[in-house]
Amino acid sequence: MTMNERLVEIFRRSRAGTFMKEAEYDLLLARRARELVHDYEIHFDSQQVCPTDDAMADRVFEAGLQLFTDVGIYHLDTQRVMKFTRGEALEALRQAPSTLHLGEGADQVIASHRGVEDSTPSLNLTGPAGQPCSEEHYLEMLISYAQEPYVEAIESGATLTYNGADIMAGTLMEVKAVQRDSATAREAVRRVGKPGMHIGDCATGMTAIGKMAASDPLNGLRPCDGRLIAQMCELKTNDDQLARVPHLINYGSHRINLMTPLTGGIGGGPEGVAVVSVAEFILGVLCYFATYHYLSITHIKWTNNSDPWGMYVLAMTGQAMARNTHIVMTDDPFTMCGPCTDELLYEVAGHAIIGEVCGYHQHGVGSTGGNEVDHHTGLEAGFQGEVARAATRAHLTRERANEIALALLPRYQDTFKNPKRGKPLAEAYDLRSITPTQEWQDCYRRAKEELTRLGLPFENGPYD
Amino acid sequence: MTAQDAQEEARHLGSALTKGDREAALAAVRRALGAGADPLALIQEVIVPSLVEVGRRFEELEVFLPELMASGEAGTACSQVIEEEIIRRGGELKVEATIVIGTVRGDIHDIGKNIVGTLLKAHGYKVIDIGKDVPAATFIDAAEANKADVIAASALMSITRAGCREVADLLRERNLREKYLLLVGGGSLDQAYASEIGADGYSSTASGAVEQLKSLLARSREGSRT
């Protein structure tokens, strides 16, 4: 099936699929996921947050594929279920790219499919990860990421206001804000001397209109950049998401499949959510023509993924996709704690290490789980890349990654009920020089010393 | 059928509700009513405590969202049967408060709103769920049509939170602000924003929303007495 034929077929099925109430679909998906977890003997052990069982990884993939074909995709506007066959899903996976060119000119990087315990280090495609940002410090915020030595691409945050007024989705204010924020991202990469650096998205744009408004080769996002196409929990799409696809294909832009599976949500516990996540990867490949994927696992209560459930879903889904497909995917650490706390860096490190050995490139960081405006900085994002690089340098196995992640867990797990939200960018950095404060640099050094003791061989870092 | 039979069926009802077994719960409630059980007692002494217990387990992460959803669905179905029975017997079902709940215009994320709605129902409130991506005027029209006490507006995404402000502003414009309690929540909001738009209450968690509502209703009723 050609790309055009598939697009038309997606539309046709969004109109001709079986009509079903959303709540009924949710319960159907929940029940089928639970059955598949049982039938495919998928197990969660809190002492094995990074399992090493290849056969189980393959079963997770098979269960996810089975879930995808059994329950289909829910279209929220038409309330119809779009079904695809196993053959169609596998064909789409076969056609998906395994190597990407991100950015342009001297700043272009090549992102290739990574396998389990891959010896090639990941890329770090990072930014405020769609988290709330003030318009006052947005340029400094993005520069703080783009200037980091262990960062190869930036993504974006979501600003809350335009000239002090609330931005409202689907209105001219959204378009104005997207035009401003995509130009700000462009300016940030220029300022740090990396004008061709890949820009992953303009997250202030939430609707198709907003996302498309970022397309501007001169001052906004270029074809070498990307845009997110999101799924709603779980396995749901709508016309607004699908409408972005043909625009981004024609523009030549990267299409990034954003998944936010909820642990403790409709997929149930971590085993079920791993199965659901595989199905959501397939949705992104088949319907969004995704060139790469963000797996942004979200705890239903805490909105983080640095807990054992989140790490397990990351590890299991990553291994399933890395072993059975050739797609390019990123992890996406979401933490409880914020800048100027040691705990944030330990949360990031555990996630980065597991991501690194389970086939992902790095992406993030959702510091404070998106709960605090401007509580995200380049330092923790650069640190994520540095930790990931050290993990590959050490030829870390999944077994060893599991040991380190479990050793780090007690250093932050107690904060879940009373998180240390830390400080916003304006207090964590000197905004004139865009340099982390001494306090924040001290946290970085302490975390690196601790990780060195745990066996990660770091080379020079920016704040040593 | 004896009072003992009715008690036995009430026990079955509680068990079915906590398991989220809609059909078993409906069968039990019909048998209990047939055995002469007091419809109001079934709601207050069986359905509400059973669903509150499921809500507690969900909050403690002992069960997951599907279990909460299934129990909520079963509870709603049973409540409808009981309500019909009360009306058939010539009575009237008094509810603690009626809440119109929805996700504001532009926002299609509704899991948080659904959890809050389920927990509110579990605590015995009448919940009118008007869905997601709802314009401000629809919140108010639904509140007026259903003689509601509370409007609860949710927004997850950063650039949809302005929809909560629209609800608050429109209430003021229509001189209805004092008529309803306005509760807001969702990932893109915080207490500062809730205060800025003049909402009566804000919560960052589902269980917190229930507690917030109880407290606001108590204060409101206290105020109306003085």
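Modeller: Let us begin with a sheet of chain A, in which 4 strands form an open sheet in the order 1-3-2-14 with mixed pairing. Strand 1 (18-19) and strand 14 (236-237) of chain A stand at the edges with a single partner strand each, so one side of each is left without a neighbour in the sheet. Helices (H or I, at least four residues) and strands (E, at least two) are DSSP runs, numbered from the N terminus, and two strands pair if DSSP finds at least two bridges between them. This is a predicted model, in which local features need pLDDT of at least 70 and side-chain atom pairs count only at pLDDT 80 or more, while totals for chains, interfaces and linings use all residues. Residues are numbered from 1 along each chain as its sequence is written, and chains are lettered from A and ligands numbered from 1 in the order in which they are written.

Biologist: How many bridges join strand 1 of chain A to strand 3 of chain A?

Modeller: Strands of a sheet pair through backbone hydrogen bonds, either parallel or antiparallel. Here 2 bridges join strand 1 to strand 3 (residues 80-82) of chain A, and the two run antiparallel, with Thr18(A) standing opposite Val81(A).

Biologist: Which strands of chain A form the open sheet with parallel pairing?

Modeller: That sheet has 4 strands in the order 12-8-6-20, and its edge strands, strand 12 (198-199) and strand 20 (362-364) of chain A, each pair on one side only. Strand 6 (residues 124-126) and strand 8 (residues 153-154) of chain A pair in the parallel sense over 2 bridges, and the bridge partner of Leu125(A) in strand 8 is Ala153(A).

Biologist: How many residues lie between strand 4 and strand 5 of chain A in their hairpin?

Modeller: The hairpin has 6 residues between its strands, and Gly103(A) in the turn has a positive phi of about 85°. Strand 4 (residues 99-102) and strand 5 (residues 109-112) of chain A pair in the antiparallel sense over 4 bridges, and Leu102(A) stands opposite Val109(A).

Biologist: Turning to helices, at what angle do helix 12 and helix 13 of chain A pack?

Modeller: Axes are lines fitted to C-alpha atoms, for helices over the stretch in contact, and angles run from 0 to 180 degrees between N-to-C directions. Helix 12 (residues 342-357) and helix 13 (residues 378-393) of chain A pack at an angle of about 40°, with their axes 8 Å apart. The two are therefore oblique to each other, given that angles under 35 degrees count as roughly parallel, over 145 as roughly antiparallel, 65 to 115 as roughly perpendicular and the rest as oblique. By class, their contact has 11 nonpolar, 3 polar and 2 charged residues; Ala, Val, Leu, Ile, Met, Phe, Trp, Tyr, Cys and Pro count as nonpolar, Asp, Glu, Lys and Arg as charged, and the others, Gly among them, as polar.

Biologist: And how do helix 1 and helix 3 of chain B pack?

Modeller: Helix 1 (residues 3-19) and helix 3 (residues 39-59) of chain B pack at an angle of about 25°, with their axes 9 Å apart, and that makes helix 1 roughly parallel to helix 3 of chain B. The residues of their contact divide into 8 nonpolar, 3 polar and 1 charged.

Biologist: How many residues does the contact take from chain A and from chain B?

Modeller: Two residues are in contact if their C-beta atoms, placed from the backbone, lie within 7 Å. The contact takes 28 residues from chain A and 19 residues from chain B, and helix 2 (residues 22-39) of chain A gives the most to the side of chain A that touches chain B, with 4 residues. That side divides into 16 nonpolar, 8 polar and 4 charged residues. For the complex, the predictor gives an ipTM of 0.84 and a pTM of 0.93.

Biologist: Finally, which residues does the cis peptide bond with omega of about -20° join?

Modeller: Most residues other than glycine have a negative phi, and most peptide bonds are trans. This cis bond joins Cys233(A) and Glu234(A), and Glu234(A) has its place in the loop between strand 13 (226-230) and strand 14 of chain A. Another cis peptide bond, with omega about -5°, joins Gly364(A) and Val365(A), and Val365(A) is found in the loop between strand 20 and helix 13 of chain A. Phe289(A), a residue other than glycine, has a positive phi near 50° and is placed in the loop between helix 10 and strand 17 (292-295) of chain A.
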